There are 2 protein chains.
Amino acid sequence: MAAQRVLIGGEWRDSQGTKTFTAFDPKTKTAIADAYPVSPWSEIETALQHAAAASRAVRNWPAERFAAFLEEYATRIEARAVDLIAIAHQETALPVTPRLKDAELPRTINQLRQAAHWAREGSWATATIDSAANIRSQLEPIGPVAVFGPNNFPFAFNSIAGGDFAAAVAAGNPVLAKGHSSHPGTTRLLAEEAQLAAQKTGMPAGFVQLIYRTSHADGTKLVVHPALGAIGYTGSRSAGTQLKTAADAVGKPIYLELSSINPVVFLPGVVTQKAAELAEQFAGSCLMGAGQFCTNPGLVLAVAGSATDAMITDIAQRFTAAPVGTLLGEGVLQHLSAGVQTLVKHGAKVLSGGHPGGGMGVCHQNTLLSVTGKDFLAAPEALQTEAFGNASLVVIAADADELLAVLDHLEGNLTGCIYSATDGSDDALYDRVAAALRPKVGRLLNDKMPTGVAVSTAMNHGGPFPATGHPGFTAVGLPAAIKRFARLACYDGVHPGRLPATLQDKNPTGTLRLVDGKWTTADVATK
Amino acid sequence: MAAQRVLIGGEWRDSQGTKTFTAFDPKTKTAIADAYPVSPWSEIETALQHAAAASRAVRNWPAERFAAFLEEYATRIEARAVDLIAIAHQETALPVTPRLKDAELPRTINQLRQAAHWAREGSWATATIDSAANIRSQLEPIGPVAVFGPNNFPFAFNSIAGGDFAAAVAAGNPVLAKGHSSHPGTTRLLAEEAQLAAQKTGMPAGFVQLIYRTSHADGTKLVVHPALGAIGYTGSRSAGTQLKTAADAVGKPIYLELSSINPVVFLPGVVTQKAAELAEQFAGSCLMGAGQFCTNPGLVLAVAGSATDAMITDIAQRFTAAPVGTLLGEGVLQHLSAGVQTLVKHGAKVLSGGHPGGGMGVCHQNTLLSVTGKDFLAAPEALQTEAFGNASLVVIAADADELLAVLDHLEGNLTGCIYSATDGSDDALYDRVAAALRPKVGRLLNDKMPTGVAVSTAMNHGGPFPATGHPGFTAVGLPAAIKRFARLACYDGVHPGRLPATLQDKNPTGTLRLVDGKWTTADVATK
């Protein structure tokens, strides 16, 4: 059977590649029939040339054009929901309900529509005018964006439909998508709709393109290519770090989401107050979707005591009793199993699970481990090894000071949660814990689990390295996420007729701008 | 004689270092008496600890505190102008008038006051509130900032008084300054005033600190240290690239200004129209301050023809006739001389100058070189070698297409200028040239030279690599420059009393915030 075609230069083409791969049904542990190509460098370079041409073609287009494409695409995804959900379920084993159909697909459609809204609204560009000096600047599209999608969100972070895609397009950039090898069929269907939407809304050929896989060497060549403006990457720390090193060496902006164990701190008072409720919330959050979320709580911190012991026993029992979910694939299982072994090797005790198996298809027992604060401090790096999936490590600190010492050794994370008592008994310690945790995490939560990542204007799905590559940016949350895919462009003494529309004296779109030191939606005042 | 002391932890201390260095008067080519220490690692680490403590101490301080410090410091610099100008003149040979006294010192004071204004104004933090979900986020201080100052602006880019310092403090961060070795006395006097201002305005010990020099190895250890939030660096491409590689590997934000040759394009019509005026403007811009500006026009592009030939002859004559300025030091001379030799080696013809000497003290002849477009395209990388100082390379393209081909081979630059005829004869070509140049430069100019960098809200002193490390940020221009020294901090379900003041429902400072999808200075509406 011929391999599936790649989307390059506005058409579905036979790949020039000779190697292929297949996706895999994690429930049945069998290959799915379709073969997908590994694109050779010549093909990637052709795609880059088309992307560069598309980028030049849409230069100075009004935001309305990108918004119209995003909305048309959203509508098309909505219309193809049945097909998309079926193939995503087959490729990922993620449940149709409540996940793919009820949550992830609507969220994906919503993201595209929000991106359209904020593209039109335009404040993300921070258009700034100094009329006396006739100096004007704004954020402008950075150029073609390569998006590398992860395995765990076949829709919402898909390379050709997810958050990075939506943000890159909202900024006015073409996207060259590198689909994740675990769900190529889902990505192909999305790309079909993206291409039809692009045609219908008059986008140039090469505005949306899709390849399925590259060699590691070609992935590196891709990210440093001069035609490329920036990269969005969500995935493993090892692969992402390699791409980051390459991109950094040529000063190419690369936005990565790499690794996060999302510490949850249960302060002593709240453990005394409602241990059972905490155990229930935590087990639910950790085991949901077999724990395959970037914001899965992989590290629990508590202070030693009988209430803590009882809570941990309760959590372990819940882990043992809960059904074991199917993982996204063999790669996830191997990574999870290796992570658990690393934790054990460095002194973690297994309280529940600990081994592959226990459910249907590719799976791993729900696994709870624990370690003392002292042991953690003896090997803080190894004991922060990410065990991506349905596993968590509990660190039991001897006292508040040891808890704070553990926090001081944490790497950067996407999230950090602090649960405290409602009677005020934890408040003094809260302040110390929050002061230590705040600089380590992108999102600080109170009394709730981190696994819900609302598509909110105020969301930060980001954080210090190694959670991401730069703590100033977020991958989720509009309009902020759009700014990643932009460069600052200044016009000094440029003739009025040559200025971008959004920097001219007239402001017919009513965009918020900083004019002569004041934020305003008005025209520049006539002298 | 004992070495000058370093400023660490709120006091002037004898350095623990055993090595010292002296500054150098470029006019007399003699060492200046004072010895300055090379700080050993133990001393740098002590400074980092104090910086971290200061960062924790000022956490959640209102912007007013940082603004008050910046204003007090500005006033103190103003009062000490005579001393500062005298020592800066001795150490750099930059003229007192019109440079140090009339331009650079007032600009430096102005920058500090502008930083105070924008710190108070607060919009840079893009405070964002989703009241329904109770998710709130803003940019917050990133932590202690190490600032490495350059040789060429002893005041305006000084590590403890310049643009990076002002922006880092406006964001709420302590600064650990690494002064440039060519003007340690100037830096010391500024640091004295900074420390007095810090004491007067109640800043914690370690909020402003100064060391003069480190080993290369210790510089690298400094930038990757966990206590450090970010780095601002202005200087040579080689040293900056080494620091960038180290910082990137640990995901530490580093903002660099490295290298720029600032192409100036003279379109054919304008050359015909006013060659003499162009020659005068260009020679003035290139030779001003012995060409030692980041935005010095080091590359001129024109299309072959008799008017171009005449203009180039005119420029060469002006270069030969103009007085030769004194350079900042031997390092600059060596770098300039090596740059000129590299250009010659790759086919550039010397039209004027070409050798060291020709004036007072450390100096190099005003140097104009030329090369054909064809020759440029044969060695585009070597022929973009920065010859920092009073030297420029003219590229004479055979025709418009070759001009565009040359532009396509340019690296990233801070600025790019296009001069065009007033009669419209260049307009069609302008569009093609601007489309090619725009993505390569941070600031695009029309009909003016790039050497003036106005401290304007709309300024972009930035651009694609290797001009800087990230094209989305600017080193000059407030409030934008402040954002570099911040990280995005989200609060999800955090109790009202635990929120930073700027994210609470009430907005007594009237800061512009994005509340429930609308930009407003109002309080969050009561439900």
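I began with the packing of helix 1 of chain B in this predicted model, and I found that the buried residues of that helix pack against strand 1 (6-8), strand 6 (135-141), strand 8 (175-178), strand 9 (208-211) and helix 7 (216-223) of chain B.

I then looked up which residues of helix 1 of chain B are buried, and noted B:E43, B:I44, B:A47, B:L48, B:H50, B:A51, B:A52, B:A54 and B:S55. I kept in mind that residues three or four places apart point the same way, because an α-helix has 3.6 residues a turn.

I also checked the length of helix 1 of chain B, residues 41-57: at 1.5 Å a residue its 17 residues should span 24 Å, and the end C-alpha atoms are 24 Å apart, so the two values agree.

Next I turned to the largest nonpolar core, which holds 344 residues, and asked which of them touch the most other members; these are A:L70 and B:L70. Leaving out residues up to four places away in sequence, I listed B:L112, B:A115, B:A116, B:A166, B:V169 and B:A170 as the residues that B:L70 touches. As background, I noted that nonpolar side chains tend to be buried together in soluble globular proteins.

For chain A as a whole, I counted 14 helices and 21 strands. The radius of gyration of chain A is 24 Å, close to the 24 Å that the globule rule gives for 527 residues, so I recorded the chain as being as compact as a globular protein of that length. The C-alpha atoms of chain A fill a box of roughly 75 × 65 × 40 Å along the principal axes, and buried residues make up 59% of its 527 residues. Last, I looked at contacts in chain A between residues at least 6 apart in sequence, of which 74% join residues at least 24 apart.

Methods. Residues numbered from 1 in each chain as written. Chains lettered and ligands numbered in written order. Predicted model: local features only at pLDDT ≥ 70, side-chain atom pairs only at ≥ 80, totals over all residues. Core = buried A, V, L, I, M, F, W, Y, C linked by C-beta atoms within 7 Å. Buried ≥ 20, exposed ≤ 12 C-beta atoms within 10 Å, placed from the backbone. Contact = placed C-beta atoms within 7 Å. Helix = DSSP H or I, 4+ residues; strand = E, 2+ residues; numbered from the N terminus. Expected span 1.5 Å × (residues − 1). Rg over C-alpha atoms; globule rule 2.2 N^0.38 Å.
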